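Let's walk through this protein together, one neighbourhood after another.

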Amino acid sequence: MRLPLPRSLAGQLFAMQAVLVAVVVAGCALFTYVSDRGQAETAARRQATAAATAVADAPSVRAAIEGGGDPSATLQPYAEDVRRHTGVDFVTIMDPAGIRWTHPDERQIGKRFLGHIAPALRGRTFPETYTGTLGPSVRVVTPVYGAGHRVVGLVSAGITVEEITAQARGQVLAVAGVAGAALVLGGIGTYVINARLRRHTHGMNAGELSRMHAYHQAALHAVREGLVMLDGQRRVALINDGARELLGVGPDAVGRGVAELGLPAPLTGALLAAEPRVDEVHLSADRVVVVNTSPVASGDRRGTVVTLRDHTELQSVMGELDSERGFTQALRSQAHEAANRLHTVVSLIELGRAEEAVDFATAELELAQALTDQVVGAVSEPVLAALLLGKAAQANEHGVELVVSADTWIDDGLLPRALAARDLVTVLGNLIDNAVDAAQGSPRARVTVTARACAESLLLRVSDTGPGVDPEHSDAVFERGWSTKPAEPGGRGLGLALVRQAVRRNGGRLELARSPEGGAAFTALLPWGTESGAAPASAPAPAARAATGAGTAPTAQDGTS
């Protein structure tokens, strides 16, 4: 009947280890028995040799043999006394013919010795194992020399095999007891270890663990969200395909420290932080990612689990939504102003001042149309023109004058085809929003926008009349989270970081300088690329056009949109 194998991996290991311990213990016991039996036989030969040679060399023995008469009367008591004191089973003294003079069983006295005596008659002491009257025994036969070095008798001393076996059996029983205790302790230890293993493997066998690993790997690489596991030394222990794509790292990231991955400093700091991070927005090389971290502690093993979500598209859509919301607010305000102006026109007509009503309405219409004509005349590119018109209305609502510089000129279709309209809105929209925030509250709140085609790149420059940027912060202003404004629930310090990311993604560069009006001047240079047409050699120089507004607001300068 075939015994069923344990189902779980822990049970299989326990059975294997128990069998292994039993085999080792049984082998050790067998080796000990054989070794002790051999050692007992060797010790018995030495003991018998010592007893036999001592009797043979005793002067009283020689005297009794050579003195005539009955040697047994003298030698039997002596031999028994030696036997009891030396621990051997028999001491037999005989004549050269092998006739016993002594024996433990007095009935055997006078009978022939059972065993070999020829070597002893030739003067040699020799051992042998032979079956005599007491049964199988290990014995030694040695000669007794008389006058003239003549062999006058023989002495045989020995220990029965049964006695030797009894001695070995006692030692084996002791070894067996120790072996049994070792087997029990080994079994208990194996059971404890495997019980712990069973808890960790949830009682699953090797096949189930293999399938779980396969499912784990498939699920890990199938999800689009990024997953990173860091060990206690903040080295990457595991990273899936989604995390590699979001962080822009290669397949060799596993085993490397977080600081060695070349990530932006704020993102690296978030991954190295000991405290949990929840839904923090960070920038990688070309992505906006939402980072969540959760420290893990299991005994003396520590680490961090990091999840990453791609927020790039959502951030872009949110930026567009913010712009639309701003445009809506501007339109709502303009609608309110238009209603006031319409009431004024109606009132003038009711008062009979029709000519003044026409002049008032015509002046307001010419002012609005002039702004549109100025922007469209300088910028024929529809996306850029729509953006400038919308931002001009927003700036006006914040009491900031938005000016299109005299050297601005972008023709329709001139933008690089590789430059996505979304990136253009991200770069110029965030720069204008940042400048409007900075210019609010300044003596002459104004933002100047320059957009023109240069020989090798598209130049976008936004300057303001705000307080400017401290030179010490010229690098930090582009980092995610940098801001001089109070913290808000939605977070600040992301606008300029997004601008730098979009510029770098298109192979351009971003510069910060002091504007002639005292504020900050941000310049983005976007290369034309191989797919775009060449920049025009010259551009018309329309007069500076502006949309003005009034009002005051607190002054601030930051990297937000």
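Start at Asp231, which touches Ala237, Arg302 and Gly303 when residues up to four places away in sequence are not counted; contact here means heavy atoms within 4.5 Å. Asp231 lies in the loop between β5 (226-230) and β6 (236-239). Helices (H or I, at least four residues) and strands (E, at least two) are DSSP runs, numbered from the N terminus. The side chain of Asp231 also reaches the backbone nitrogen of Gln233, at 3.0 Å. That pair is a polar contact, a term for N or O atoms within 3.5 Å; within protein, one must be able to donate a hydrogen and the other to accept it, and residues adjacent in sequence count only if both atoms are side-chain atoms. Arg234 lies in the loop between β5 and β6 as well, and it has a positive phi of about 60° although it is not a glycine.

Before going further, a word on what you are looking at. This is a predicted model, in which local features need pLDDT of at least 70, side-chain atom pairs count only at pLDDT 80 or more, and totals for chains, interfaces and linings use all residues. Residues are numbered from 1 along each chain as its sequence is written, and side-chain values use heavy atoms, with hydrogens and water left out.

Next, look for Asp279 in strand β7 (residues 277-283). Its phi is near 50°, a positive value in a residue other than glycine. Thr131, for its part, is found in strand β2 (residues 126-132). Leaving aside neighbours within four places in sequence, Thr131 is in contact with Pro136 and Arg139. The C-alpha atoms of Thr131 and Leu114 are separated by 7.7 Å, and these two residues are 17 residues apart along the chain.

Now to the helices. How do α2 and α3 pack? Helix α2 (residues 59-66) and helix α3 (residues 71-86) meet at an angle of about 160°, with their axes 8 Å apart. Axes are lines fitted to C-alpha atoms, for helices over the stretch in contact, and angles run from 0 to 180 degrees between N-to-C directions. That makes α2 roughly antiparallel to α3; angles under 35 degrees count as roughly parallel, over 145 as roughly antiparallel, 65 to 115 as roughly perpendicular and the rest as oblique. On the α2 side the contact is made by Ser60, Val61, Ala64 and Ile65, and on the α3 side by Pro71, Thr74, Leu75 and Tyr78. By class, this contact has 6 nonpolar, 2 polar and no charged residues. Here Ala, Val, Leu, Ile, Met, Phe, Trp, Tyr, Cys and Pro count as nonpolar, Asp, Glu, Lys and Arg as charged, and the others, Gly among them, as polar.

Helix α12 (residues 421-439) has a contact with α13 and another with α11. Helix α13 (residues 495-505) packs against α12 at an angle of about 145°, with the axes 9 Å apart. Residues of this contact include Asp423 and Thr426 of α12 and Leu496 and Arg505 of α13. They divide into 7 nonpolar, 4 polar and 2 charged. Helix α11 (residues 382-397) packs with α12 at an angle of about 20°, with axes 11 Å apart, and the two are therefore roughly parallel to each other. Among the residues in contact are Leu384 and Lys391 of α11 and Leu428 and Asp433 of α12. By class, there are 11 nonpolar, 1 polar and 2 charged residues.

Finally, how far can you trust the coordinates? The mean pLDDT (the predictor's confidence in each residue, from 0 to 100) is 76, and 79% of the residues reach 70 or more. Where pLDDT is low, the predicted coordinates should not be read in detail.
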